[in-house]
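Subject: Structure for you to look at

Hello,

Here is the structure I said I would pass on. My notes follow below it.

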Amino acid sequence: MNDCGGCQPTQLDDFLGGKVKVNDYFSDNPLNWCTGCGNYGILAAIKRALASEQISPQNTLLCYDIGCNGNMSDKIQGYRHHGLHGRVLPFAAGASLANPNIKVIASGGDGGTLSEGMSHLVNSVRNDYNFTFLLHNNSNYALTRGQASATTRVGQKMSGRSEPVSIPPVNPSELVLSLGGTFVARTFSGDVKHMTDTIRAALKHQGFAFVEILQSCPTYNKATPHTWYQENVMDVCDIKNYDCTNYVQAMKVVDPMEEKIAIGVLYVKK
Amino acid sequence: MLSNRFIVKIGGESGQGIDSAGRILADSIKNAGYKVFGYREYPSIIKGGHASYQIDISDHEINSSSRNCDMVVGLSRLSIHKYLFDLNKGGILIHQIEELDLTKEEQDFVKKNGVQLVYLNALEIVQEIGGSRILVNIVLLGAIWEVLKLPKKYIEDAIKVEFADKPDLMKLDLIAIHEGANRLKNANLETCFNDTKPEKSWAQSFLTDGNESLAKGAVLAGARAFYGYPMTPATSILTYLADWQKETGMIVKQAEDEITAAQMTTGSSFAGIRAFTATSGGGFDLMTETVSLNGMTETPFVCVLGQRPGPSTGLPTWTAQSDLNLAIYSGHGEYPKIVLAASDAVSAYQLMQRGFNLADKFQVPVIILTDKQIAESVFNVVHYPKPLQIERGLVDAKGLNKLAPEDRYKTTTSGVSPRWLPGQSPATFVANSDEHGPDGSVTEEAEEVLEIFEKRMRKLKSIEKELKEPDLYGQEVADISFVAWGSTKNTILDVMSYLHTKKLYRKMNLLHFEEIYPVKTQKFLDFVKKNKHVILVEGNYFGQFGALLKQKTGYDFKEKLLKYNGRPFFAEDILDYLKIK
């Protein structure tokens, strides 16, 4: 099995025992996401991943889009930028080109990334800019109160539309993979350990490291809560002889069809 | 008609090599000891239409064009009919149409004005020497050179430089020049060109267009990244920087759209290097949300806006001064920004450096206006001024370890808070597009919002202290006074110098602004108090800059000379307005 880094579990000591500790990232500002929001787990995983890689806040640049993801920008340490809706990718691209010595991590939601900023996603993949991108995919525009996004499932009744969603959702990981993405991974917000391992693998990648985080949104997406994800995901680490450098295999696995949703480091271009 | 100026115009279709012929000719004439100014007109298509390269030649500095010419070289049939009526009395028209079909009106014009028609079968010559069709332009250059009666070596040297890496083509071109000149040896043409006296030292000067100088200025300012998207008349900034990339080591990137260009510029600037972008009106429309972003996060942002006529696609290859309001009022919300306006090649070179210093010092968006007239005209420059000292406005090395996160947007009297770069200090902050407190954390509290909002606005006072008053050309008091900004300066100054040497002497002065927003008004109020006949000159319909001055001072311009048909101000526009022949 070709393990691209997602299958080695992070140990507590990794983010508690080194010079950089997870609490270095702690912020006094109270967290204000809805109860059960996937962002709590994502926040925890980001902190753990950075600390485990011994990257200090001083050497981190976290870039945020507008959305619930962006409300993390003042709840964590590190240099941070909370910019325009849909435009986090070109901002992070410019930042990573300017200073190759700091770690750049961009966060964006499914709204900003796959609608407003779709062209930027395509071009970030094509240009293989050197930063990590976390797609907070909770299948709706949560901060503006529950409109449908490009990943909302067919049949969902959402705000701002008279009929349920009828266009099949985009599969962001499949899109990135098909465009030639050099690192494609998927995880979900109910599993902090899995997210931590996946983000760590992304941080180590040279090039555009795409991580789709399937995120629970208890307020506007009742169809797929954490429990649903727990039952419907399948880790590629558990697939015998999964070769994450095999593009054809990755393309097969990235789209669940009737089966489970594949999570883990799906593909790395070697 | 302007004496002490001789004007040659090469006209034809796009794709006939007019631009390269014009460039070679301008260089040759300059090396022969004359001051030149190159004005280009071309359509928004790749082949066909009407394109022209006009060279105004003089024995003193000129930076604008005459509306008329003394010699027209028409490469296409249509160009002959188009430019014939631009000829001055006794003008020469060289063409390659064997049976030139002139209308009655055209024939009358030729007769009345003593136009000298010269037929030259350039295509036949090209075929004889075994060259490709496009060499027609070089043959005609030879003909022009014969008329000018300047030493052959200047045009030959220019050909050798232009085709240095194509020796076979160079050989053919030199023959083409020779043959073109030969055919006109016995033409007995009369011109007033030799009234103009050459100045040997002028050969040391160089030719440059506004965008080339602007790009050089940016490099001198320490810009390490340029993100652009092709849009006339800003495109060649991207081209020049890309050509020099191996030398400068800059990041030069064509982004997928203007929003990307503006955002990548922002990201690079935030991360710590000087970066800029350039576009025209339509592209700038797309960037305005990013201008507002940088006004809020107080990230230095430099953007060049090369103006062309709108609205919408407008006239892509023509000139205007109609985006001043767009620049000033760009980006929703209220926050300080700075607008500068270049006026010629040297000005563009300097203002890029000035713009970066201002953006860094005050942590605001800085928009640098130019226009097609500056960007793509060919200026004859003696030397660039000394580069400005680079002022980054950052916390110095000693202070980096004493910082706290809340220093980044802390309240100060000047409105400018300490700025340091990601990676420089353990004190980290968030640059938040949401309203925020001193460390960037979100706030919606009335008192906190008021405090930081007013902090940002206090920068306006600091900026106003720093910006420069306009320049006065001529004496403090004159009979005719102009107020202008941008490239109109050049036409006005050329007219002033022309009238100064003629018996039609008029005492004129000009108050010209380069640092235009926030606008300084002290010198202006003084100027309009002392001078009784004041004329606003602008390349737009609303007199936008005049309106800005009125907004700030209450002064109402009684006379406005406005032009908005895509053409620059020609010297004759001013003379006609003043009824001076």
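Buried area is the accessible area (1.4 Å probe) that two parts lose on being put together, summed over both. Between chain B and chain A that area is about 2700 Å², with carbon and sulfur atoms giving 57% of it. B:Glu256, B:Gln263 and B:Thr428 supply 19% of what chain B buries against chain A, more than any other three residues.

The model is predicted: local features need pLDDT of at least 70, side-chain atom pairs count only at pLDDT 80 or more, and totals for chains, interfaces and linings use all residues. Residues are numbered from 1 along each chain as its sequence is written, chains are lettered from A and ligands numbered from 1 in the order in which they are written, and side-chain values use heavy atoms, with hydrogens and water left out.

The contact (heavy atoms within 4.5 Å) takes 36 residues from chain B and 31 residues from chain A. Across this interface the rule finds zero salt bridges (a side-chain nitrogen of Lys or Arg within 4 Å of a carboxyl oxygen of Asp or Glu). Helix 11 of chain B gives the most to the side that touches chain A, with nine residues; helices (H or I, at least four residues) and strands (E, at least two) are DSSP runs, numbered from the N terminus.

Strand 11 of chain B is joined by seven bridges to the parallel strand 13 (residues 365-371) of chain B, where B:Val302 stands opposite B:Val366.

Regards

Terms used
Two strands pair if DSSP finds at least two bridges between them.
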